[in-house]
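Here is a colleague's note for someone opening this structure for the first time. Please read the points with the model on screen.

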Amino acid sequence: MTGTYDVQAAVGALARSARGRVGSDATARALYAVDASNYRVVPDAVVVPLDEEDLVVALGVAREHGAPVALRGGGTSMAGNCLGGIVIDVSRHLNKILDLDPAAGLAVVQPGVVLTDLLAAARPHRLAFGADPSSASRATLGGMIANNACGGHSVAWGTTSVNVRALDVVLADGRRAEFAVPGFGPVASGPGTADLVTRLSGLGEANRLLVQRRFGQFSRQISGYAAQHLIADGGPDIARLLCGSEGTLATTLQATVNLVRVPEAVALLVLGFPDAIAAADSVPIVLPHGPLTMESVDARLLELLPDDLRRSAHAAGLPEGGMWLLVEVGADSSESAAAQAGWIAEAVRDGIPGSTATVVSDRAAQGVLWRCRRDAAGLVTRRPDGAEAWGGWEDAAVPPARLGEYLRRLEELLGRFGFSGLTYGHFGEGCMHIRIDFDLLTAAGVARYREFVEAATDLVVSLGGSISGEHGDGRARSALLTRMYGADGVALLGQVKRAFDPDGLLNPGVIVDPPPLDAGLRHLGAARSRSVTTIFDYPDDDGNFAAAARRCVGVGKCRQSSGGVMCPSYQATDEEVHSTRGRAHLLWEMLEGEVVTGGWRSPEVADALELCLSCKGCLSDCPVGVDMATYKAEFTHHHYAGRPWARPRSHWSMGWLPVTARAAPVVNRLVASPARPVVARLGGIAPERQFPAFARESFEAWFGRRPRRESGTPVLLWPDTFTNFLAPQVGRAAVVVLEDAGFEVRLPTSAVCCGLTWISTGQLTTARRVLRTSLRRIAPALEAGAPVIGLEPSCTAALRHDAPRLLPGDPLAQRAATQVHTLAEALAASAPQWRPPQVGGGALVQTHCHQHAVLGFDPDRALLAAAGVDADIPDSGCCGLAGNFGFEAGHYAISQRIGERVLLPAVRAASPATAIVADGFSCRTQIAQGSGRVAVHVAELLAAAIE
């Protein structure tokens, strides 16, 4: 795009005229250079308008300067649908639900409204939006309209187009217009719209036979423009013509959408099959029964899920099979829904040999199974053996009756090219998603990719299908439209484009006049062959930091506004740069070196990582396993290498906490003295924070003076810095519990540390040295196979996850990764006969981020249940303190904002009789300082009952 207009003049005019943010700096351009596709086009500028008026102004300025524009919502487009030129992000401010009328079943929304927000507003009225893609937690309604998004329930409730009633838009020439579907209101209103209607009507009549034969042949024919609406009864249905036009015809300001009535009860029928082809053959059997949805999950995909989720899926009712279909059945009662699901299962068993079935009525179990499906878009970016897989042919659809034939022939085609891929999709509508192990890193591989995609297009067209079933054409498929619609069909698409946008400024290169499908592929740049020396090993990425950064393909789950641990800073700021995806993109651009040019010294990356809490939530919650905490530690190490004076002062005060703690009396006197403000300033600590006092007696000192118990199974209790010097009561309680369970508790004979505080502050050389020394000091216990029990989740996670990556090839680090356990894990594995005391009562339990991400919480959940504790475990995510983060100067406000999102209000609302349980020292500190309540470690809860 750059070079076709005066970029500097346009950006200057935007900065003067728009009230929202206008960015043409390296950070803004790097953040928006990619979406969730294989493509990369660096924009000239990014505009974040404040409201509808501001959006209209920005469009007007761009038009005056001849600047191309690409409207963007959640940035989750998988075909390169919204890249280049002036990118306008409507997700930040144009995200209001303007009206919701339950009686009429209608809602009026701005384009930046996230689908889950609309669903949440409609849920109390037992209403929902019919199209529900798996990206609902970050997909915006504007983007869904642009792509004519579908989702799992479209088999019953239709695509976005079916559920749109009216659109308020800005046309390419700046005019405001309203278009309504026939019967809802005037088909078109606004200055000059009569001429547009006349022109489109003429196009429809002149091409009626062409349109009737090639467009609108089945529900998932999303490719190109929906030209069938040119010949709708009573004249062109422009509102529905705009759906799926990918922002190339007009810009949505508001949309009136239909809301569907949700059934009173839903049963989930899980059908198991030997393979995908057998599953596809069941579609004609199931569809006559009117299912709400019919979604697939591949067994190979299941193997990529976290262990706890995979176990939960089997426990939830996943039957035997190599491919499963999730078939939802709605009815007026649970009994009726389950009965209908049973009838479908019987029909499938009769028609498909080797099929299995389970009817799941429990909503929590249904949620577990649906999560397996929702995470598919990210999980399938890696094969089970770790090889990378890509989109590009992830969205084809055929009439459902021909799905089995399509899959058979697609398997043959993949075999001919030597490719493989994991599949998932909307079987009920013949739409199949697949990520394939193309080689997109070499010119020869890209040529092979193009050859395959062209052959696959011909296959789909021969079956009466569509090369896009819901993701749109974008840059991935627009160049293939001639193979699908013919030259005359594509000529019609061009005429439609020119009727709306004669200057071609709205998202050019998409659908009409596209570049070659292999132009602008994101991984053909310098980063693909750039090798950088790292401290961490990155074993899951062949030791390659670039491959680790490549993990983020942009699916954007980190942009969800609620739920889960990832990404707390984004949930607090709603800024792309503070999402896991945004940070990963900047790291990738750092390696690319075109926009972000400073390498490890890049201020853009450093600024983006500043608010990363190192919570590790992305390690488990990100479908592709991005580990931003590790990437941040790696970057920070190199960023300050050779210039220790440039480090933030908190890296010295907080990073060297294990050393400082050894001078506890001196430190306590300082922070309790009038010099406290000076100490805080010198240490880079937030003045609003209270300093936790070091204990008068460390846990090690207490343990050393008590009588030693020399009976029972030996275990080594890891005396982490937080337990040892700040919360020794936790260590004492753990000893009580472990001895009651029949263990002989031992401590290391000399000081040990996992190196966590040095890791989180990017002082990796020191961390590695400390960790190696500590592991040598417990080598006898490790070599004897003794369980090592950690009490602080962050330190336990460091030993299990970070140690083997910091010390690759070190047998002690490998042993530690397998022998270090949480208290609950050790009790379950090594003392299964022990029965915990009956504590009883209720408890509000905060799960530590690192425990959630690395260790898992199921053993603790089981332990609390066995102790008779009624545990309320809110979906609170990170507490906001996160080790050193919340103590650092400049972080207090956001730390509190994160805590106030769920956790702190929940603690304040808990009754005085409810125990507050949090194993993490940071979590307990945040709770104490933010609510006044005292939280206890689970060991303390149990020990109090034992004693």
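**Notes on the model**

1. Ala 139 is buried, at a relative accessible area of 7%. Buried here means under 20% relative accessible area, exposed means over 50%, and partly exposed lies in between (1.4 Å probe, protein chains only). Ala 139 sits in the loop between β7 (127-128) and α5 (141-147). Helices (H or I, at least four residues) and strands (E, at least two) are DSSP runs, numbered from the N terminus.

2. A word on the basis. This is a predicted model, in which local features need pLDDT of at least 70 and side-chain atom pairs count only at pLDDT 80 or more, while totals for chains, interfaces and linings use all residues. Residues are numbered from 1 along each chain as its sequence is written, and side-chain values use heavy atoms, with hydrogens and water left out.

3. What does Ala 139 touch, leaving aside its neighbours within four places in sequence? The contacts (heavy atoms within 4.5 Å) are Val 113, Val 114, Leu 115 and Met 144. Ala 345 is another matter: it is 206 residues from Ala 139 along the chain, and their C-alpha atoms are 33 Å apart.

4. Next, the cysteines. A disulfide is counted when a pair of cysteine sulfur atoms lies within 2.5 Å. The search of the whole structure finds zero. Cys 552 is in no disulfide, and its nearest cysteine sulfur, in Cys 558, is 6.3 Å away. From Cys 558, the closest cysteine sulfur is that of Cys 552, and 6.3 Å is too far for a bond. Cys 552 is buried at 9% relative accessibility, and Cys 558 is buried at 5%.

5. Check the backbone too. Most residues other than glycine have a negative phi, and most peptide bonds are trans. The bond from Met 566 to Cys 567 is cis, with omega near -10°. Cys 567 falls in the loop between α22 (545-549) and α23.

6. Two residues other than glycine carry a positive phi: Asp 574, near 60°, and Lys 616, near 65°. Are they buried or exposed, or partly exposed? Asp 574 is partly exposed at 28% relative accessibility. Lys 616 is buried at 4%. Asp 574 lies in the loop between α23 and α24 (580-592). Lys 616 lies in the loop between α25 (603-609) and α26 (617-621).

7. Last, helix α43 (residues 892-901). Its buried residues include Ile 894, Ser 895, Gln 896, Ile 898 and Gly 899. Among the elements covering the buried residues of α43 are α23 (568-573), α44 (903-909) and α45 (921-931).
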